[in-house]
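Subject: Structure handover

Hi,

Here is the structure you asked about. Please open it alongside this note; the findings follow below.

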Amino acid sequence: MNRLQQLVALICACLFIGVWSSGQALSDELADPESEIVLTLSGDIKVTNQDKTAVFDTALLESLGATTFETTTIWTEGVQTFVGVELRSLLEVLGVKGGTLKASAVNDYAVEIPVSDAVEGGPIIAFRRNGAEMSLREKGPLWIVYPYDIKPEYQSELIYSRSIWQLDRIEVLP
Amino acid sequence: MATANSDSVQWSLAQSDVELLALQATISDAIIDATVPVSTVRTKFDIFYSRARTLSTSPLFEDVRKDPSMGLALRSIEDYLENSVALVDSDDKTLRDALPRLK
């Protein structure tokens, strides 16, 4: 290779590394929430925005992508429309590929949810029910709901126990 | 929709007891100790409120509601919550002054 070719190769290599690095930097970045924090994730996560945790307000959660589905639930009357971010999408952003989620609620209820539950078309962290945000009294602000009517295999005691409402913390265990 | 088994009904009823006791304890604490923020009373109230709503409206508890003494207890709870909501939703000072009435 002549000198010029070497230079071009070097520049290409730098550019490649630069692109790769900025890609990494982008995926390492999670915006900061601007209003009240509704969810804190800790433990084995690759992306953080507050010390070693990832904190979210509702808008930041919604920016990860909103999924809507209709279902009845054993705790409510009539068909409900839930809007939320798929657990799968949230975990993808945080670089979580396996393990267990220890999800805890404002009332200190806690349950372990295997990361394998976080599939496309699976559970969402709902932040709206029937078009409105849920107050604490209405089991909000966040409720992990599975599409029970769409996938009958979700109509089980185990899944009901994982359908944690008043969710506020998730610790990712390896 | 498959119904959950009676274990989870029992668990929920026990949990509502726990949450009511927690609310009462928090109210007592806040009355005695002015440094306890009324927001903790509001949170415990909301937690109990959401549990009571589930007991009153969820298909899961239809059989429970049909039981005469449980039905009566639930209606007392509903009355208490309805009468207390306005106070709980008021400003901090009003709520703090009204705490003895919430017990």
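A residue is called buried under 20% relative accessible area, exposed over 50%, and partly exposed in between, with a 1.4 Å probe and protein chains only. By that rule A:Gln166 is buried, at 0% relative accessibility.

Some ground rules. This is a predicted model, so local features need pLDDT of at least 70, side-chain atom pairs count only at pLDDT 80 or more, and totals for chains, interfaces and linings use all residues. Residues are numbered from 1 along each chain as its sequence is written, chains are lettered from A and ligands numbered from 1 in the order in which they are written, and side-chain values use heavy atoms, with hydrogens and water left out.

**Chain A**

Chain A has four helices and ten strands. Helices (H or I, at least four residues) and strands (E, at least two) are DSSP runs, numbered from the N terminus. Their order from the N terminus is α-β-β-α-β-β-α-β-β-β-β-β-α-β. The chain holds 174 residues, and 43% of them are buried. Its accessible surface is about 8900 Å². Carbon and sulfur atoms supply 55% of that surface. Accessible areas come from the Shrake-Rupley method with a 1.4 Å probe; for residues, only the protein chains shown count as cover.

A contact means heavy atoms within 4.5 Å. Take the contacts in chain A between residues at least 6 apart in sequence: 57% of them join residues at least 24 apart.

**Chain B**

Chain B has five helices and zero strands. The order is simply α-α-α-α-α. Its C-alpha trace spans about 45 × 25 × 20 Å along the principal axes. Of its 103 residues, 42% are buried. The accessible surface is about 5700 Å², with 55% belonging to carbon and sulfur atoms. Among contacts in chain B with a separation of 6 or more, 62% come from residues 24 or more positions apart.

**The interface**

The size of an interface is often given as the accessible area lost when the parts come together. Here the area buried between chain B and chain A is about 1700 Å². Buried area is the accessible area (1.4 Å probe) that two parts lose on being put together, summed over both. Carbon and sulfur atoms give 57% of it. Chain B brings 23 residues to the contact and chain A brings 19 residues.

Two salt bridges are counted between chain B and chain A. The term means a side-chain nitrogen of Lys or Arg within 4 Å of a carboxyl oxygen of Asp or Glu. One salt bridge joins the side chains of A:Arg137 and B:Asp89, at 2.7 Å from N to O.

On the chain B side, the elements giving two or more residues are α1 (6–32), α2 (38–57) and α4 (68–88) of chain B. The largest share, nine residues, comes from α2(B). By class, this side has eleven nonpolar, eight polar and four charged residues. Ala, Val, Leu, Ile, Met, Phe, Trp, Tyr, Cys and Pro count as nonpolar, Asp, Glu, Lys and Arg as charged, and the others, Gly among them, as polar.

**Residues to look at**

A:Thr76 sits in the loop between β3 (67–71) and β4 (80–86) of chain A. It is buried, at 7% relative accessible area. Leaving out residues up to four places away in sequence, A:Thr76 touches A:Arg129, A:Trp143, B:Ser58 and B:Pro59. Its side chain also makes a polar contact of 2.7 Å with that of A:Thr73.

Now the backbone. Most residues other than glycine have a negative phi, and most peptide bonds are trans. Which peptide bond is cis, from A:Gly140 on? The bond from A:Gly140 to A:Pro141 is, with omega near -5 degrees. A:Pro141 lies in the loop between β8 (132–133) and β9 (143–145) of chain A.

A:Asn130 has a positive phi, near 50 degrees. It is in the loop between β7 (124–129) and β8 of chain A, and is partly exposed at 45% relative accessible area. A:Gln166 also has a positive phi, near 55 degrees. This residue lies in the loop between α4 (157–162) and β10 (167–173) of chain A.

Best wishes

Terms used. Polar contact = N/O pair within 3.5 Å; in protein donor to acceptor, adjacent residues only side chain to side chain.
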